[in-house]
Amino acid sequence: MPNHDNLRDVRLSELIQVIEARFDPSWAESWDAVGLVCGDPDAEVTSALLAVDPTAAVVDEALAEGAQLLVTHHPLLLRPVNAVAMTTPKGRTVHRLITGGCALYTAHTNADVADPGVSDALARAVGLTGPLRPLSPSDADPRRGLGRIGELPEEIPLREFTARAAAGLPRTAWGVRAAGDPDRPVRTVAVCGGAGDSLIETARAAGADVYLTADLRHHPASESLERSPMALVDAAHWATEWPWLADLAAVLGPYVQTRISTLVTDAWSHAVEGAQ
């Protein structure tokens with residue numbers, strides 16, 4: 001852990017330079033909205049809260065602890081808006097952050113494709129220990145790209161891998177569920193933080209025994225199982241991206257006090273099994 005007693009006050013603009021040196025905004029998808037959402041680049045920052053989602057509860061947390069910066073993975077204003085009046089949830093969030101003296105910065109798809117990025121942290125969280133490579137490498141730099149694929153230390157049954165994934169990720173009502181033969185041996189594992197069913201075929205072509213991601217839909221999943229024995233593991237969207245916050249904390253730690261929010265901001269709050 002960094003020695004925060006020796007930290008000096010830094011300007012927000014300096015912290016942005018640090019973040020963007022690791023997660024270049026130019027790597028973001030054209031539809032994405034990354035970067036500084038609100039805040040004065042000349043303001044001094046002594047503490048930052050890191051979270052996946054800029055929800056009202058996370059903003060409450062940031063303001064309650066006096067953070068001058070909130071860094072989130074998901075954007076607050078992904079779609080264009082015409083106003084940020086207090087009459088809308090997003091408008092209230094912007095007003096509360098500004099009046100509370102807390103800036104908001106977002107690193108989204110640029111963090112997804114970074115080396116290392118969101119999927120690297122996910123891969124480590126579910127037990128991959130060796131070298132990783134992108135599932136879908138960037139044309140500009142093959143070390144970057146969406147998803148990651150690597151190896152487990154040893155071959156294990158799908159049921160055991162699913163249990164390891166559940167143990168390595170933060171707990172959610174969604175949980176971790178698997179599709180495929182529970183006894184199928186798996187070792188080569190592909191992962192993608194967030195919604196990744198667009199990479200199912202890419203994972204299969206790369207030789208994955210199992211592909212772990214979030215938000216898997218019924219038809220792509222069932223069609224995948226018809227095509228090949230590659231197993232699928234589906235976790236909560238928030239849970240697959242939360243491990244990356246520790247990497248972000250390591251980036252900012254030498255410059256500012258950081259804390260990772262443990263609030264579960266996954267949209268699904270509880271689950272009930274249906275009648276047999």
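Guide: Before we look around, one term: two residues are in contact when heavy atoms of theirs lie within 4.5 Å. Keep in mind, too, that this is a predicted model.

Visitor: Why is V118 called buried?

Guide: Buried means under 20% relative accessible area. V118 comes in at 1%, so it counts as buried. You'll find V118 in helix α5, residues 118-125.

Visitor: What does V118 touch, not counting residues up to four places away in sequence?

Guide: H73, A111, D112, G193, T240, E241 and W244. As for G147, it is 29 residues from V118 in sequence, with the two C-alpha atoms 8.3 Å apart in space.

Visitor: How do you know that the buried residues of α3 are on the same side?

Guide: The residues in question are G91, T93, V94 and L97. Around the axis they cover an arc of only 160 degrees, and that's why they end up on the same side of α3. The exposed residues P89 and T99 are on the face turned away from that buried side. What covers the buried residues includes β2, α2, β5 and β6. Just after α3 comes G101, with a positive phi of about 70 degrees.

Visitor: Why is D209 buried?

Guide: Its relative accessible area is 18%, and the cut-off is under 20%, so D209 passes. D209 is in the loop between α7 and β11. A polar atom of the D209 side chain lies 2.9 Å from the backbone nitrogen of R187.

Visitor: What makes E61 and R259 a salt bridge?

Guide: A side-chain nitrogen of Lys or Arg has to be within 4 Å of a carboxyl oxygen of Asp or Glu. For E61 and R259, the closest N and O atoms are 2.4 Å apart, so the pair qualifies. This pair links distant parts of the chain, with E61 in helix α2 and R259 in strand β13, 198 residues apart. E61 is buried at 15%, whereas R259, at 33%, is partly exposed.

Visitor: How many salt bridges does the rule give?

Guide: The count comes to 14. One of them joins R144 and D141, whose closest N and O atoms are 4.0 Å apart. Both count as buried: R144 has a relative accessible area of 9%, and D141 has 15%.

Visitor: Why is the pair of W174 and W268 called tilted?

Guide: Planes under 30 degrees apart count as stacked, over 60 as edge-to-face, and the rest as tilted. Here the planes are at 35 degrees, so the pair is tilted, with ring centres 6.3 Å apart. W174 lies in the loop between α6 and β9, and W268 in the segment after β13, so this pair ties together parts 94 residues apart in sequence. W268 is exposed at 53%, while W174 is partly exposed at 28%.

Visitor: And what about the rings of W238 and W242?

Guide: Their planes are at 45 degrees and their centres 6.3 Å apart, so this pair is tilted too. W238 is buried at 4%, and W242 is partly exposed at 24%. The count of aromatic pairs comes to 3.

Conventions:
Residues numbered from 1 in each chain as written. Predicted model: local features only at pLDDT ≥ 70, side-chain atom pairs only at ≥ 80, totals over all residues. Heavy atoms only, no water. Buried < 20%, exposed > 50% of the residue type's maximum accessible area, 1.4 Å probe, protein only. Helix = DSSP H or I, 4+ residues; strand = E, 2+ residues; numbered from the N terminus. Arc of directions from axis to C-beta. Polar contact = N/O pair within 3.5 Å; in protein donor to acceptor, adjacent residues only side chain to side chain. Phe/Tyr/Trp six-rings, centres within 6.5 Å; stacked < 30°, edge-to-face > 60°.
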